[in-house]
Amino acid sequence: MSAPPAPHVRTLIVGAGFAGVAMAIRLRAAGDEDWRLIERASAMGGTWRDNAYPGAACDVQSVLYSYSFAPQPRWSRRYAPQQEIDGYLVSVARRYAILNRVETDTELRRAAWDDAAALWRVTTSRGELTATTLVVATGALADPTMPAIQGLDRFEGAVVHTARWTPETDRLVQGRRVAVIGTGASAIQLVPGIVDEVAQVDLYQRTAPWVLPRGDAPVPTALVAAYTRFPALQRAHRAVVRSVREGTVPLFAYSSRLGRVAEARANAYRRTELPDPVLRAKATPDYRIGCKRVLISDDYYQALRRRSVDLVTDPIVSVTAGAVVTREVATGSLVEHPADVIVCATGFLPMRPPIAERIVGADGAPLAQRWDRDGVAAYKGTAVPGYPNLFMVVGPNTGLGHSSMILIIEAQVGYVAQALRHLQTTGAAAVEATESATWAWNDELQRRLSRSIWLTGGCSSWYLDAHGRNVTLWPGTTWSFERAMARFDPHVYRTIAPSRASSSASATQARSNSPR
Ligand code: N01
């Protein structure tokens, strides 16, 4: 007897974080129940489930860091802690009856486009299925990156990444000597978060960050009551916060004058917080503000002042069984810094998501191979030529340094929902972004980005690829992103008709004629 055919679903959503949950809610709102939502972890929540290190919190005001359709009047602080955001996302998923549809412990292993059948053949850790459309909602912060340091694998204490922190890690660091590698957004939250619990923190800095005060505070109970009673008040507050942040993009990323004002503010803050000139010099950046993500904190510099915290700026050369070894810049001599635990606050793989290895296009090539060859690019951060009916949420050039990613997610989910509706209403088997539209879109993005602080500010950052192109950030405001995503634009897509016999051949022909 032959095996029964794999089950089919119209839309397979991969990843149950803010993006995947928003997509499922959107489909449900449109009356579409023909979807599945798979999640590789044993709980939903995405990056807000994973980043549970002490001190983890949002660096965008909570009033803005929530779905527009699900306001939350009861945030405890202006900048909500990780647990509250995770709890919020789960509560929204429950309210919209998405939670019980999340298929946890189900990892996408391979999704291959079958051109003849015009569908995705998907293998997960729990079996096979086919899908008409694939929505990849795995985000930019799913896969942590570990530093390539000689000997790190031979360290005899625990080595942990900030995005893999567990309650057990809390116990491991108690009263111990902790080496923290990295001084990005995660590290500057983690160090104040653990400093009272550990014996010693050696903080290894490769590049000093620009830090501005955060201005965090509890949300007064009267304000919570007012938001609850008059939701319009919270909407108005959200609009103001959003507008202020939007204003920083043209002025900050593209104008050196405002950058100088911000640098003066950050320099003054550092002078006040770090009176010791040696420590202050170590913590002073040598590139323009905004080139890397600007960090906000009320307690990072305070933590650096603690006697139990040592800011190490000499480069790490290796790790031994019980120490981190640096080379003194002045003398060239090696210095051993004994450690019990190493915490890598070394970020993620936003430009090289491992899932791109697993998505195989019409010509049999993994998406990662296309991106290695041509550079990371997608049409509107969403669709890629050669990968019909693949839609990404938080794809290339959709990241933000200045505002809430939830705004981006909602706009992109709206666009994808329209694409899916287009397929249903026209009866098309598939749509595929054309090469010409994709490169016109990306050439314009790169033209705008080339004069931005991210490329001209004198730093290297994970926003940039090996060719120095910023393939990570959206160059404008969230308003302009919303405008770009407002309407699905079928005329720039190639439509694949349901009858495959002739169109498969012409599809192959069309691809081989593509400009790059
Ligand atoms: O990671 P990062 P992150 N040896 O890549 C250093 C989001 N986020 O986890 O600058 C020594 O920014 C590296 O040094 P350098 C947010 O989008 C949001 O902190 O490359 N050091 C850098 O200092 C953020 O942008 C919130 O020279 C090494 C650090 O590690 C993103 O997550 C909170 C090294 C990595 O910084 C990532 O932030 C937290 C090596 N071999 C995070 N390799 C919110 O509140 C790397 N480094 C919303």
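How many helices and how many strands does the secondary structure of the protein chain come to? I count 16 helices and 20 strands. Both are DSSP runs numbered from the N terminus: helices are H or I with at least four residues, strands are E with at least two.

**Entry 1: ground rules.** I am working on a predicted model, where local features need pLDDT of at least 70, side-chain atom pairs count only at pLDDT 80 or more, and totals for chains, interfaces and linings use all residues. Residues are numbered from 1 along each chain as its sequence is written, and side-chain values use heavy atoms, with hydrogens and water left out.

**Entry 2: overall dimensions.** I looked up the extent of the chain. The C-alpha trace spans about 75 × 55 × 50 Å along its principal axes. The radius of gyration is 24 Å, which agrees with the value near 24 Å for a compact globule of 516 residues. That radius is taken over C-alpha atoms, and the globule rule is 2.2 Å times the number of residues to the power 0.38.

**Entry 3: the parallel sheet.** I traced an open sheet of five strands in the order S7-S16-S8-S9-S12, with parallel pairing. Two strands pair if DSSP finds at least two bridges between them. Which strands stand at the edges? They are S7 (158-161) and S12 (309-312), and each pairs on one side only. The twist averages 20° from one strand to the next.

S8 (residues 177-181) and S9 (residues 200-204) run parallel over five bridges. Val-178 stands opposite Val-201 in S9. Helix H5 (residues 185-194) packs on the sheet and touches S8, S9 and S16 (341-344). The direction of H5 makes about 170° with that of S8. Angles run from 0 to 180 degrees between N-to-C directions; axes are lines fitted to C-alpha atoms, for helices over the stretch in contact.

**Entry 4: the antiparallel sheet.** I found three strands in an open sheet, ordered S13-S14-S15, with antiparallel pairing. S13 (316-319) and S15 (334-338) are the edge strands with a single partner each, so one side of each has no neighbour in the sheet. The twist here averages 25° from one strand to the next.

S14 (residues 323-327) is joined to S15 by five bridges. I noted two facing pairs. Ala-323 stands opposite Pro-338 in S15, and Arg-327 stands opposite Leu-334 in S15. S14 and S15 form a hairpin with six residues between them. In the turn, Gly-332 has a positive phi of about 85°.

**Entry 5: H1 on H3.** Two packed helices are described by the angle between their axes and the distance between the axes. H1 (residues 18-29) and H3 (residues 82-95) pack at about 20°, with axes 10 Å apart. H1 and H3 are therefore roughly parallel (under 35 degrees; over 145 is roughly antiparallel, 65 to 115 roughly perpendicular, the rest oblique). Their crossing is left-handed; that is, the near helix is turned anticlockwise from the far one by less than a right angle, and clockwise would be right-handed.

Which residues make the contact? From H1 come Phe-18, Val-21 and Ile-25; from H3 come Ile-85, Tyr-88, Leu-89, Val-92 and Ala-93. Contact means heavy atoms within 4.5 Å. The residues divide into eight nonpolar, no polar and no charged. Ala, Val, Leu, Ile, Met, Phe, Trp, Tyr, Cys and Pro count as nonpolar, Asp, Glu, Lys and Arg as charged, and the others, Gly among them, as polar.

**Entry 6: H1 on H12.** H1 also packs with H12 (residues 405-426), at about 40° and with axes 9 Å apart. That makes H1 oblique to H12. The crossing of H1 and H12 is right-handed. Among the contact residues I listed Phe-18, Met-23 and Arg-26 of H1, and Ile-406, Gly-414 and Leu-420 of H12. By class, the contact has 11 nonpolar, one polar and one charged residues.

**Entry 7: H6 on H7.** H6 (residues 221-229) and H7 (residues 231-253) pack at about 110°, with axes 4 Å apart. That makes H6 roughly perpendicular to H7. Ala-226, Tyr-227, Thr-228 and Arg-229 in H6 meet Pro-231, Leu-233, Gln-234 and His-237 in H7. I get four nonpolar, three polar and one charged for this contact.
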